[in-house]
Amino acid sequence: MNTQDLAAVRGIIQSNRRWDLFFAAAGLLALLVGVLAFVTLFGQMVMNGWERLNPEFFMSFPSRRAANAGILSAWVGSLLVMLVTAVSAVPLGVAAGVYLEEYAPKNLVTDIIEINVTNLAGVPSIVYGLLALGVFVYVFGFGQSILTAGLTLGLLILPVIIVATRESLRAIPVHVREGAYGCGATQWQVVRDHLVPYSTPGIMTGVIIGLSRAIGETAPIITIGALTFIAFLPPSPITDTAPFVNFDWLWSGFTVMPIQMFNWTSRPEEAFQQNAAAAGFILVFMTLMMNAIAIWLRYRLRKSISW
Amino acid sequence: MSGSQVMRMGMSSMQATVVSDRLSRKVSRNIRERAIELVLFFAASVSVLTTIGIIWILVFESYHFFENVPLWNFLTDTMWTPLFSEPRYGILPLLLGTVTTSLVALAVAVPLGTIIAIYISEFASARVRETVKPFLELLGGVPTIVYGYFALTVVSPVLQYFFPSLPGFSMLAAGLVMGIAIVPYISSLSEDAMRAVPMSLREGAYAMGSTRFQTAVRVVLPAAISGVLSAYILGISRAVGETMIVAVAAGMQPNFTMDPTEPAQTISAYIVQVAMGDLPHGSIGYQSIFAAGLSLMLLTLFFNILGHMIRRRYREAY
């Protein structure tokens, strides 16, 4: 190739480089749209809801008068529903993940379960609401209670926890298992004493992401027919007489943060929109904190583990 | 070597000492191991039970619904007025609402998501990538009711400023915000697919004198196309099943139109509307939300199967 041709080729490459710049600009612009959307969303809620964000707002029940209304029953409801969700979904999800990754034989049944978990992750959340309405509320007779809502959201985040468990188990090298078997451990001892403890940070990441999704879910909870105007608290889970715990709250009516926000959003009065903004701010703040913890956990996990 | 042989060898070499019972066979231990495996298996089958439960309740209630409403009417009638004194149950208006909002959302999410994915995977430095990815994840974690509030109180007024004839509730505002909400799903899945393309392909392209942009669009994107397409499919099924944004911002009346500047109701928003009221268990209104749910489920199932076929058809193995 003579120098003239070489110069020509370089010229062509140079002129093509312009597209690089052009696309880099487009990429930054696209990211900017995302960032801008988030900043406006967050900023608007902070500005609109700022004056409602005071201790009274957290300690008052909803009210017909916007200025007196608060989110006491909503955040208590969210907390209790999340408790049921975590208690039901975490053991089930981890157990299912362990089974699929460590125990399951290669056969038709396993294939069906695996395909099923993948597909469940794609089912719209409102369909879970219909399942809960038909089965939990009417067939099992749980009613429109905290128990129903918690179990529904538990089923909803089950695939997230199963996938997270499987991925962190898969990341543990085979020689850990072989070493433990070599010392005479049974399969369950390997799982209980080695695999589950080592994969705990990964599982926790999945659990937190799942719960942060559950806490913002609105559609399935509306579908089971949760009330929006709740001016009472469920019975306290802890009592001052023996046996000190009380499970009546499971059957109690309730409202949760996203439903309270939906209720205020759908009212035309400006004052209620302010309440919605304040509730939205708290909701976003909670999910962001949970996500941030999960991202931080994963980051630490990546840094600290070297097999 | 069987357990008893081990025992015998142990005996002969250690005549005087008593063999520790830790080496003896324990039936209880095997039973326990099997029992634990069984418990874990039941945990895994809860997901199958969930699916069976969903299908059973949707089909069961829909069956009773179709005893009262002929299937043909359901599929062809252009009116959905279940709360009128003479109710008509045609799914088409709700279906059009769902399709229109989803199309608007995809028109936003597919270009944005793809550009962001290519940018992060092929152009951005490691530092930019490490900052942007968590941020996108946060964007994906924002509850949809908050997006709905955003569509109603920010995007709708802004759109009305530019198009004064636009109503306060519109499929356009809901669809645009839904698009923003879906971007993180599409971008993160597409980026994963592009990052999985082996470096040697890029190196080959660079050696031939390709620029970054040419490498990204003509080599990496085609090589990752099955993953990128399944990301789009996932975006579609998210959009179809999305509920709160449309329930808040798209209006609540069924509308037989595909004009995005009009208000309309989607299948999911209808379910929410009915569930907020107080419909008695077993009434036809109660059954109608299960028929709507079944339609929604079949729609997402269709896209899931399509995604599966695309993955199989275009998969490139390295």
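Predicted model: local features only at pLDDT ≥ 70, side-chain atom pairs only at ≥ 80, totals over all residues.
**View 1. Chain A is built from helices, with no strands.**
The count for chain A is eleven helices and zero strands. From the N terminus on, the pattern reads α-α-α-α-α-α-α-α-α-α-α. The radius of gyration is 25 Å, whereas the globule rule gives 19 Å for 307 residues, so chain A is more spread out than a compact globule. Along the principal axes, its C-alpha trace spans about 90 × 65 × 35 Å.

Of the 307 residues in chain A, 51% are buried. Take the contacts in this chain with a separation of 6 or more: residues 24 or more positions apart account for 75% of them. Chain A exposes about 14,600 Å². Carbon and sulfur atoms supply 67% of that area. The side chains include 17 positive and 16 negative ones. The centres of these two sets lie 7 Å apart.

**View 2. Chain A is assigned two domains.**
Domain 1 of chain A covers 3-51, and domain 2 covers 54-304. Their C-alpha centres lie 37 Å apart. How many residues of each domain are in contact with the other? Seven residues of domain 1 of chain A touch nine residues of domain 2 of chain A.

**View 3. Met290(A) sits in helix α11 of chain A.**
This helix takes in residues 270-304. Which residues does Met290(A) contact, leaving aside its neighbours within four places in sequence? They are Ile208(A), Leu211(A) and Ser212(A). Ile209(A) belongs in this view too: its C-alpha atom is 7.0 Å from that of Met290(A). Along the chain, Met290(A) and Ile209(A) are 81 residues apart.

Is Ala95(A) buried or exposed? Ala95(A) has 15% relative accessibility, and the cut-off for burial is under 20%, so Ala95(A) counts as buried. Ile222(A) gives a reference point within chain A: its C-alpha atom is 30 Å from that of Ala95(A). Those two residues are 127 residues apart along the chain.

**View 4. Chain B also consists of helices without strands.**
Chain B comes to 13 helices and zero strands. Read along the sequence, its pattern is α-α-α-α-α-α-α-α-α-α-α-α-α. The radius of gyration of chain B is 28 Å, well over the 20 Å of the globule rule for 318 residues, so chain B is more spread out than a compact globule. Its C-alpha atoms fill a box of roughly 100 × 65 × 35 Å along the principal axes.

In chain B, 50% of the 318 residues count as buried. Among contacts with a separation of 6 or more, 69% join residues 24 or more positions apart. Chain B has 20 positive and 18 negative side chains. How far apart do the centres of the two sets lie? They lie 17 Å apart.

**View 5. Chain B is divided into two domains.**
Domain 1 of chain B spans 3-68, and domain 2 spans 92-314. The C-alpha centres of these domains lie 42 Å apart. Ten residues from domain 1 of chain B and ten residues from domain 2 of chain B take part in the contact.

**View 6. Thr243(B) lies in a loop and contacts both chains.**
The loop runs between α10 (225-241) and α11 (244-249) of chain B. Thr243(B) is buried, with a relative accessible area of 3%. Leave aside its neighbours within four places in sequence. From chain A, Thr243(B) then contacts Ile126(A) and Ala219(A). From chain B, the partners are Ser268(B), Ala269(B) and Val272(B).

**View 7. Gly282(B) lies in a loop of chain B.**
The helices on either side are α12 (267-276) and α13 (284-314). Gly282(B) has 40% relative accessibility and counts as partly exposed. Thr114(B) is 46 Å from Gly282(B), C-alpha to C-alpha. In sequence, these two are 168 residues apart.

Methods
Residues numbered from 1 in each chain as written. Chains lettered and ligands numbered in written order. Heavy atoms only, no water. Helix = DSSP H or I, 4+ residues; strand = E, 2+ residues; numbered from the N terminus. Rg over C-alpha atoms; globule rule 2.2 N^0.38 Å. Buried < 20%, exposed > 50% of the residue type's maximum accessible area, 1.4 Å probe, protein only. Contact = heavy atoms within 4.5 Å. Areas by Shrake-Rupley, 256 points an atom, 1.4 Å probe, with all protein chains shown as cover. Lys, Arg positive; Asp, Glu negative; His and termini not counted. Charge placed at Lys NZ, Arg CZ, Asp CG, Glu CD. Domains from an automatic or database assignment.
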